[in-house]
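Student: Could you walk me through how to read a structure like this one? I would like the general idea for each feature and then the case at hand.

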Amino acid sequence: MARVYNFSAGPAVLPEEVLREAAEEMLDYKGSGMSVMEMSHRSKVFETIIEDAEQDIRDLMGIPDNYRVLFLQGGASLQFSMIPQNLMKNGVADYIITGQWAKKAFKEAQKYGKAVAVASSEDKTFSYIPDCSDLPIDDDADYVYICENNTIYGTKYKKLPNTKGKTLVADISSCFLSEPIDVTKYGLIYGGVQKNVGPAGVVIVIIREDLITEDVLPGTPTMCQYKIHADAKSLYNTPPAYGIYICGKVFKWLKAKGGLEAMKEYNEKKAKILYDFLDQSKLFKGTVVKEDRSLMNVPFVTGDKELDAEFVKEATAAGFVNLKGHRTVGGMRASIYNAMPIEGVEKLVKFMEQFEEAHQ
Ligand SMILES: *Cc1c(COP(=O)(O)O)cnc(C)c1O
C-alpha cells in the first residue's frame with residue numbers, strides 16, 4: 001500500500017489514524033455486528049455517535065450554549081440559498097466578494113432580496129482581502145456575508161470586517177478547525193466538511209439561537225429551514241450518518257493533538273516552510289499579497305504555463321498529487337489542511353528545489 005501526499009483542495013486528505021480506525025470498525029462497529037453505514041439513524045448506537053460528535057466540536061471550538069450545531073446536507077452550496085431564505089427578514093444583505101465562492105453566494109442571495117456587494121477584490125484576481133474597516137453597510141442589512149478563507153485564491157481574513165453591529169455570516173469551509181476562532185463574533189458559521197474535516201456529504205452549521213425562527217421567506221422548503229433541523233437535533237430526516245461518524249473521529253483526533261491552538265501552531269509551521277521557499281525562489285512565486293495569505297491553500301506559479309504543467313506532471317510521478325491549480329486560476333495550488341503531515345510539505349519543498357535547479 002502506498003499513500004501519496006495529497007494536496008487536493010477538497011475532498012482532501014484525512015488523518016491516516018482516522019481512516020485506519022474506520023477500516024477496523026467497518027464490518028462490526030463496537031459489537032453492533034454492523035457497519036455505521038448499515039444502522040438506523042434512530043438507533044441508540046448512532047445517537048451516541050452524533051451526540052459525541054456535537055460535544056467534541058463544541059469543546060474544540062468553544063461553542064457557547066446559545067449556539068446550535070447542525071449537521072446538514074446539500075454541501076456548502078446549499079447554504080448560499082438557506083442563509084437568505086432564513087435570515088433575510090428585511091430583504092437586505094451585504095456581501096464581501098473575495099472569490100468565486102463568495103460571488104456564488106452573492107448571486108444566489110440576489111434571488112431572494114437586495115443583496116449588495118459592499119467590497120470586492122476582483123480587480124486583482126482576488127489576490128487580496130479588501131479593507132473592511134469602514135464599509136457602506138446598509139442600515140437595513142440583515143447580515144454581512146464573508147467567505148473567510150478563499151480556497152481557490154489562497155487568501156484569508158486576518159481580521160474580521162467591521163459589520164457596524166450587523167450579524168456576521170461566514171463560510172469557513174476551507175479553514176474549519178484549522179485554528180481557534182471566537183464564535184461569539186458570528187451569527188452563523190458554516191462549512192462543507194470535505195475540505196478540512198471529513199468526507200463529502202456533510203455541512204456543519206453553527207448558528208446563534210435567536211437567528212433560528214419560523215419567520216422564513218415564503219416558499220422556503222421544509223428541508224431548508226434551520227428551525228426544522230434544530231428542533232429535530234439534525235435528525236429531521238436521514239442525516240449523512242457515515243460522514244458524521246467520520247467527522248466525529250476527526251474531532252477526537254484533533255482533541256488528542258492538543259486542540260485548535262496546537263493545530264494553529266502546526267499549520268503555521270507547515271505554511272511557513274512553503275511560503276519561505278516561495279519568497280526566495282527564482283522560479284516559483286506565490287500569487288497572493290503576503291498579509292492575506294491562507295494557512296490552508298497556497299497557490300503559486302512559475303509564470304510559464306508549460307513549465308507549470310511539467311511541474312505538475314513530474315510532481316505527480318513523484319507522489320505529490322493534486323497540485324494543479326483551480327481551472328480558473330491556472331498554475332499550482334498546494335492545499336495543506338490539518339491532516340497534511342509536515343513531512344509532506346518538507347518533501348514537496350525539496351522536490352520544488354530540485355525542479356528549480358533542473359530548470360534554470
Ligand atoms: C468547496 C467550497 C464550497 C462549495 O462546497 P460544496 O460542498 O461543494 O457545495 C463553498 N465555499 C468554500 C469556501 C469552499 O471551499
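**Reading the model**

Tutor: Happy to. Leaving out residues up to four places away in sequence, Glu108 touches Phe80 and Ser81; contact means heavy atoms within 4.5 Å. This is a predicted model, where local features need pLDDT of at least 70, side-chain atom pairs count only at pLDDT 80 or more, and totals for chains, interfaces and linings use all residues. Residues are numbered from 1 along each chain as its sequence is written, and side-chain values use heavy atoms, with hydrogens and water left out.

Student: Where is Glu108 found, and is Glu108 buried or exposed?

Tutor: Glu108 is found in helix α4 (residues 100–109). Helices (H or I, at least four residues) and strands (E, at least two) are DSSP runs, numbered from the N terminus. Buried means under 20% relative accessible area, exposed over 50%, and partly exposed in between (1.4 Å probe, protein chains only). Glu108 has a relative accessible area of 18%, so it counts as buried.

Student: And what about Leu254: which helix holds it, and which residues is it in contact with?

Tutor: Leu254 lies in helix α6 (residues 241–256). With a relative accessibility of 0%, Leu254 is buried. Beyond its neighbours within four places in sequence, Leu254 is in contact with Leu60, Leu177, Gly259, Met263 and Asn338. For distance, take Leu254 and Ala271: they are 17 residues apart in sequence and 18 Å apart in space, C-alpha to C-alpha.

Student: How many helices and strands does the protein have?

Tutor: The protein has nine helices and 14 strands. Its radius of gyration is 21 Å, close to the 21 Å that the globule rule gives for 360 residues, so the protein is as compact as a globular protein of that length. That radius is taken over C-alpha atoms, and the rule is 2.2 Å times the number of residues to the power 0.38. Of the 360 residues, 56% count as buried. Among contacts between residues at least 6 apart in sequence, 68% join residues at least 24 apart.

Student: What lines the largest pocket?

Tutor: The lining has 18 residues, with Val13, Leu14, Glu16, Ala339 and Pro341 nearest the centre of the pocket. A pocket is an open set of points on a 1 Å grid over the protein atoms alone, where a 1.4 Å probe fits, with protein on both sides within 12 Å along at least five of seven lines; lining residues have an atom within 4 Å of a point. Helix α1 supplies the largest share of this lining, three residues.
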